[in-house]
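The following exercises concern a predicted model. Each task is followed by a solution in steps.

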Amino acid sequence: MDEITDSAGARLRWTKEPPSLLLEGPWTAAGVKADALIEAATRALEVLPAGPVRLEAAPGAELDTVGALVLEHLAHAAEDHGRALDFSALPPAWRATLSLIDRVAQRTPPPEPEPFSGFAYIGKVAIGLVHHYLDLVAFIGEVTAHLLPVLVRPWRIRWREVIVELEAAGVRAVPIVALLSFLIGVVLAYQAGVTLDRFGANVFIADMIGIVVLREMGPMITAIVVAGRTGSSYAAQLGSMRVTQEIDALRSLALPPVEMLVIPRFVALAIALPLLTTLANAAGLFGGMVVATGGFGLDWTVGLQRLGRLGHAHYWVGLVKTPVFATAIALIGCQAGMSVRGSALEVGRATTSSVVQSIFWVIVLDAIFSIVFRRLGL
Amino acid sequence: MSEASEETPAIEVHGLCNRFGDHVVHEGLDLVVPRGKVVSLVGGSGSGKTVLLNNLIMLTRPAAGSIRLLGRDVASLGREERIRLQLRLGVMFQQGALFTSLTVLENVMLPLTEHTRLPRQLREEVAMLKIQLAGLDADAVHRHPRELSGGMTKRAALARALALDPEILFLDEPTSGLDPVSARAFDRLVLALRDALGVTIFQITHDLDSIFGASDLVVFLARKKVLAAGTAEELAQRPEPELRAYFSARAGR
């Protein structure tokens, strides 16, 4: 009798007469070292006399499905050496487990589906993009079709929803928008001040921050904050409503989801964004003036006079962009939400993509506006 | 399984209390589940079935009372022992709770990968075995959870619960949301697992066909404790109004 031991786990002893293998210890997921056991068994089989080799379970030995799988591997390894293992002396429970795994048809996983090659991946992404923009265009069409009738008859807009959304998108955004714009004004004034100070042109700090804040920074910063706050929440709200089938429920009640959900959000944002931008302008100018007066010795009265002389055009040029930004943010956010299919995982994906896209489009639209205004000489 | 462990019940609960604020869910609940049986936990909505299950699978601690699983007192265990005991339990959640970012195969392999030192090939074989034991087609293993039907999700979840050859298998409403044919097939599967692997199965169910057709023992939860335990036929004969109301739903069909 000889012993092959893996002290912690499953063990194998062999006896020559009659030729048998004794299984000891835990033949379980925690206990087996498959390769060592198979190797040990193969070595034992070389020594054991010819004839079928009987398997026996030692008292206290355990077997689970992992151990049974290993036993099956042992049997295959024995067969490769022209030997047969005899399972008949094992306890009935062990034989039940062995016959259970014997009934299972496919042992190894089928080959994984081929991942896309680089080239095919580009194609897949391109097709996905085309589909996405086709969906977006279709969505814009749907929203327009619902929007035009209610714009003619504004009392049909669901003002209750609009007011709820106005509070969420507008009122609650006031602190963050004001603070960020104030800081942007501070930063701009510092950057402008350092250069202008060298030429003794401190008075122009006011002109500089006036123009930059009113035309670009106010509208842009507000739009970007709103895209991150509100566009994403639109996507998440509508997306989770799709997952919970609320959108389907609306449709089944003959309540068009676009009219119920999208139009109020769109209208709310179109109202909120210009107002927030005006607030951002004020906060930005104030931040700039604080630095200009405190850091670069500009007189408050002089600064305000310079600002006053800038003309209203800058303000309006900035403000006219905001409804367009609002449209882009609302449409992209709502479309991302409405396009969610299936699981909650998709809601997260839609939310992220809505933020990235709306910020992207805000900046692209702003660039287009700059070119157009330049051509128009504004 | 050693001789000694055969004698201790799979689950022993004594004097269990659970409360949320002023709301008392369980008070002095006692329960014994013998090994190798299919036990159905039954009770009306709000009777605390899920709360009890969460206690038993060690997700939550009861306010008072003792729970012994496989002969071990849950409250007295150290961290390591707790983990070792947890690995002897399998849990199938009501919605499946498959990890959405992983395929079915990866879901089933996850406990094997994290808690055993088996070589990858053997892990795959074990996972394939459990997936097919759970009645799922081998072709479905590379699918993601969102691509599975309700019945397939349940089976994949069962396969993951079976991954580490649990000694107690907890099933939370395994047949809810399944069509009658799939539900009966699931019942047969549960009985086959009991017979083949000797697993103790503890399931929450509302499915009267499972209660009558595929349970060795039915435990009825009401009045904050186990109101009655026995075979379904015995419970259907009991005089308590809660039991009569519950089981007359079947008679009335």
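**Exercise 1. Determine what share of the contacts in chain B with a separation of 6 or more comes from residues 24 or more positions apart, and relate the overall dimensions of chain B to a compact globule.**

Step 1. In this predicted model, 67% of the contacts in chain B with a separation of 6 or more are between residues 24 or more positions apart.

Step 2. The radius of gyration of chain B is 18 Å, and a compact globule with 253 residues would have a value near 18 Å, so the two agree.

Step 3. Taken along the principal axes, the C-alpha atoms of chain B fill a box of roughly 55 × 45 × 40 Å. Of the 253 residues in chain B, 43% are buried.

Step 4. Chain B has a mean pLDDT of 86, with 96% of its residues at 70 or more. Residues 1–5 of chain B, however, have a pLDDT below 50, and beyond near neighbours in sequence this stretch has six contacts in the model.

**Exercise 2. Trace the strand pairings of S4(B) and of S9(B).**

Step 1. Chain B contains 10 helices and 10 strands. Strand S1 (residues 11–20) of chain B runs antiparallel to strand S4 (residues 64–69) of chain B, and five bridges join them. Within this pairing, B:His14 has B:Ser66 in S4(B) as its bridge partner.

Step 2. S4(B) is also joined by two bridges to strand S5 (residues 72–73) of chain B, again in an antiparallel arrangement. Here B:Arg68 stands opposite B:Asp73 in S5(B).

Step 3. Two residues lie between S4(B) and S5(B), which form a hairpin; in the turn, B:Leu70 has a positive phi of about 50 degrees.

Step 4. Strand S9 (residues 217–222) of chain B is antiparallel to strand S10 (residues 225–230) of chain B, with five bridges joining them. B:Val219 has B:Ala229 in S10(B) as its bridge partner. S9(B) and S10(B) form a hairpin with two residues between them, and B:Arg223 in its turn has a positive phi of about 50 degrees.

**Exercise 3. Identify which helices of chain A supply residues to the side that touches chain B.**

Step 1. The contact involves 28 residues of chain A and 25 residues of chain B.

Step 2. Helix H1 (34–47), helix H2 (65–80) and helix H3 (92–102) of chain A each supply at least two residues to this side of chain A. H3(A) gives the most, with five residues.

Step 3. For the complex, the predictor gives an ipTM of 0.77 and a pTM of 0.73.

Key
Residues numbered from 1 in each chain as written. Chains lettered and ligands numbered in written order. Predicted model: local features only at pLDDT ≥ 70, side-chain atom pairs only at ≥ 80, totals over all residues. pLDDT = per-residue confidence, 0-100. Contact = placed C-beta atoms within 7 Å. Helix = DSSP H or I, 4+ residues; strand = E, 2+ residues; numbered from the N terminus. Rg over C-alpha atoms; globule rule 2.2 N^0.38 Å. Buried ≥ 20, exposed ≤ 12 C-beta atoms within 10 Å, placed from the backbone. Pairing = 2+ DSSP bridges.
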